[in-house]
Amino acid sequence: MHGDDDTELIVDLWAARLPRIARFAEHCWLVVTRDERVDRWEVWQATDRGGQSWGHLHLNLYPPDVGIRGNQAYHLRRWEGDSATMIADRIETSPVSYPWCHTYRYVPGPNSNTYVQWCLRDQHRLSWRSIGKGYAHRVP
């Protein structure tokens, strides 16, 4: 899954607010761009919803910049260079290395934000709105 040295690699962090009673919270996902290929990676409460999936982990379930349930997406952060390479490697190997592909719980996790924080490690701390992010430190 690794590109040549001249491949442009970018990793973006996106989020959208949750609907209704949970509108204070956000759902996060990651987008890996390698030249012309753009892939959205995220965890959903439902399995096998579309795109490609490994339990709750989904690849390209939605377009990269589409929000959820009518709420707009917003861009949070971008990585390039060595940081992007490290994060992209973790994301792209996650179908076999993410420990909670087949487990989902809204609170305390693992959930969508657990996955994103697990992929980012210490490169970025998700905000307080990202319920479940702390579960990423409970590696089984």
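I take helices (H or I, at least four residues) and strands (E, at least two) as DSSP runs, numbered from the N terminus.

I'm working on a predicted model, where local features need pLDDT of at least 70, side-chain atom pairs count only at pLDDT 80 or more, and totals for chains, interfaces and linings use all residues. Residues are numbered from 1 along each chain as its sequence is written, and side-chain values use heavy atoms, with hydrogens and water left out.

**Cis peptides.** I went through the omegas. Val107 and Pro108 are joined by a cis peptide bond, with omega about 5 degrees. I placed Pro108 in the loop between α2 (94–97) and α3 (112–120). Gly109 and Pro110 are also linked by a cis peptide bond, omega again about 5 degrees. Pro110 sits in the loop between α2 and α3. Worth a note: most residues other than glycine have a negative phi, and most peptide bonds are trans.

**Positive phi.** Next I looked at the phi values. Asp48 is not a glycine, yet its phi is positive, about 50 degrees. I found Asp48 in the loop between β3 and β4 (52–54). Asp48 is exposed, because its relative accessibility is 56%; my classes are buried under 20% relative accessible area, exposed over 50%, and partly exposed in between (1.4 Å probe, protein chains only). Arg121 also has a positive phi, near 50 degrees, and is a residue other than glycine. Arg121 belongs to the segment after α3, and at 45% relative accessibility I log Arg121 as partly exposed.

**Cysteines.** How many disulfides does a search of the whole structure find? I got zero, counting a disulfide as a pair of cysteine sulfur atoms within 2.5 Å. Cys101 is in no disulfide either: its nearest cysteine sulfur, that of Cys119, is 9.6 Å away. I have Cys28 as buried, at 0% relative accessible area, and Cys101 as buried at 3%.

**Charge patch.** Which residues gather in a patch of negative charge on the surface? I list Glu8, Asp35, Glu36 and Glu80.

Methods:
Patches are made of residues with over 30% relative accessible area and no salt bridge: like charges are joined within 9 Å, nonpolar side chains (Val, Leu, Ile, Met, Phe, Trp, Tyr) within 5 Å. Accessible areas come from the Shrake-Rupley method with a 1.4 Å probe; for residues, only the protein chains shown count as cover. A salt bridge is a side-chain nitrogen of Lys or Arg within 4 Å of a carboxyl oxygen of Asp or Glu. Lys and Arg count as positive and Asp and Glu as negative; His and the chain ends are not counted. The place of a charge is taken as NZ of Lys, CZ of Arg, CG of Asp or CD of Glu.
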